[in-house]
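Good morning, colleagues. Please look at the sequence and the model.

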Amino acid sequence: MAAPPTPTPTRTDRPVLEAQGIRKVFPGILALDGVDLRLFPGEVHALMGENGAGKSTLIKVLTGVHPPDAGTVFVDGSFQRFAEPLEAQHAGISTVYQEVNLCPNLSVAENILIGREPRRLGLVHWSALHERAARLVTELELDLDVRMPLGTYSLAVQQLVAIVRAVDVKAKVLILDEPTSSLDRDEVAQLFTLVRRLRDRGVAILFVTHFLDQVFDLCDRVTVLRNGRLEGEYRIDELTPVTLVHRMVGSELRILDELAATSHTGPTAGPGSGGAPFLSARGLARAGAVQPYDLDIHRGEVIGLAGLLGSGRTEAARLLFGADHADGGELRIDGRRAVLRSSRAAIAHKIAFCSENRKAEGLIGELTVRENIVLALQAARGWTRPLSRTRQEEIAARWIEVLDIRPAAPEAQVRNLSGGNQQKVLLARWLLTDPDLLILDEPTRGIDIGAKTEIQKLVTRLAAEGTAVLFISAELEEVLRLSHRVGVLRDHRLVATLPNDTTLTPDRILGAIATGATS
């Protein structure tokens, strides 16, 4: 998989696709602000940025899903304004998404030519369909039986079929959105072989990924977005993994100075770190999600997990809560072997988990603040022992006051609250269960600085009171300010667990993320 990229086209070559000054606003969100992008024929161009940087929105603008509020798109020098994805496809822009959008019950040939089947007398001409699909597959040097149902092939092969289909619709630009996120190393190599063949035929390929190694292995140039803005466009040979990570995440201090007093900055930090751990994981793993890892978490200790999106942070945490089932390794809680077959089992062991996706996996928008707060406690009690309405109201009133949830309206639908107050409701739900271990996955993402500061102070206070906290965040400064130790993940592997002493800096963590080395 280590073939070098071809030379980048010269600056005098005309881009096959050029976006200029793209701006896109959703209610209350500036998703893109003056973003430029150039794609040249015969190159693989990476689009990089952390979660929320604007990558997905830019792709949707380029492919006609969303119209831009400002800016222009040119294909082969001609101005384009796509009203729907089909118009973009007719202009030569095809997209293959992370989740393959094909029909596994149909044959490979039918999937390649769906909607464009050769016909005779109004009926599908099956022999011509199979011959044409086989010719396309052979031209791209793939070994596939086009008559077989697509579902009999692996996900990697299904990705290849989706790409063959895109090529057959005469794609000038092929957008690959996280195509390798569910593939193993050999499958990635197979995919990359096809991508290089298409590159050599003159197709411009936009490659979206969170895997740094793949960018340096495959791509010619990279465009980096940060917070909806263009950070820069670079040749790959102008960057190292460390400098690319810097471009993606920035180096600005994002936490208020008042948090400095609560930072853990010495090797002895962590009041519970000297005794037996509350939770101990050894060789814990889930195939395709996270490689075997060891981790100890003590009472009164904040363990930070750092790494780029897609590095395996969330996957590692979900194994500790029973949200996903481990298929390897051992977990001990208070020294006793524990098998967490469900989230309810984890709650019984006094483990709580606040998901990074609070809308899809945390809160129920149609329920009230009161109902959302008492949800976990009611689940722990069992539905045969319902909390009385009076008790629910007392609980909700207490936590609304403790966490300063605004508005202080327990009967308000939670979906109408701001992001920061929704996060507080989710925290109230789990704090109500009096957990020994609180797992927080991106608890401050997408909320205002005031709410962010309050949540971080709460984490510090909980640790001081003896709660173990696993804190996941893409903001390295936030991880350093709150954590006693920092686990660093890269490509679904825990590469280091570093004490948060005076030598630990954002640059050192970035180095571990970029290279896997801890020095």
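I begin with the lining of the second largest cavity, whose residues divide into five nonpolar, four polar and one charged. Here Ala, Val, Leu, Ile, Met, Phe, Trp, Tyr, Cys and Pro count as nonpolar, Asp, Glu, Lys and Arg as charged, and the others, Gly among them, as polar. This is a predicted model, in which local features need pLDDT of at least 70 and side-chain atom pairs count only at pLDDT 80 or more, while totals for chains, interfaces and linings use all residues. Residues are numbered from 1 along each chain as its sequence is written, and side-chain values use heavy atoms, with hydrogens and water left out.

A cavity is a set of points, on a 1 Å grid over the protein atoms alone, where a 1.4 Å probe fits but cannot get out; lining residues have an atom within 4 Å of a point. Grid points are joined across faces, edges and corners, and a volume is the space filled by probe spheres set on the points.

The second largest cavity has a volume of about 70 Å³. Among its lining residues are Val61, Pro67, Thr72, Arg81 and Phe82. Strand β4 (residues 70-75) gives the largest share of this lining, three residues. Helices (H or I, at least four residues) and strands (E, at least two) are DSSP runs, numbered from the N terminus.

The largest cavity has a volume of about 90 Å³. Its lining includes His210, Arg490, Asp491 and Ile513, and divides into five nonpolar, three polar and two charged residues.

Ile513 also belongs to helix α18 (residues 506-515), where it is buried, as are Ile509 and Leu510, among others. Buried means under 20% relative accessible area, with a 1.4 Å probe and protein chains only. The buried residues of α18 pack against several elements, including α7 (212-218) and β21 (485-490).

What does a search for aromatic pairs find? It finds four in the whole structure. Rings of Phe, Tyr and Trp (its six-membered ring) pair if their centres lie within 6.5 Å; planes under 30 degrees apart count as stacked, over 60 as edge-to-face and the rest as tilted. The ring centres of Phe192 and Phe207 are 5.8 Å apart and their planes stand at 80°, so this pair is edge-to-face. Both Phe192 and Phe207 are buried.

Phe321 and Phe353 form a tilted pair, 5.4 Å centre to centre with 35° between the planes. Together with Trp430, Phe321 and Phe353 form one aromatic cluster.

Terms used:
1 Å grid on protein atoms, 1.4 Å probe; cavity = no way out; pocket = protein on both sides within 12 Å on 5 of 7 lines; lining within 4 Å. Buried < 20%, exposed > 50% of the residue type's maximum accessible area, 1.4 Å probe, protein only. Contact = heavy atoms within 4.5 Å.
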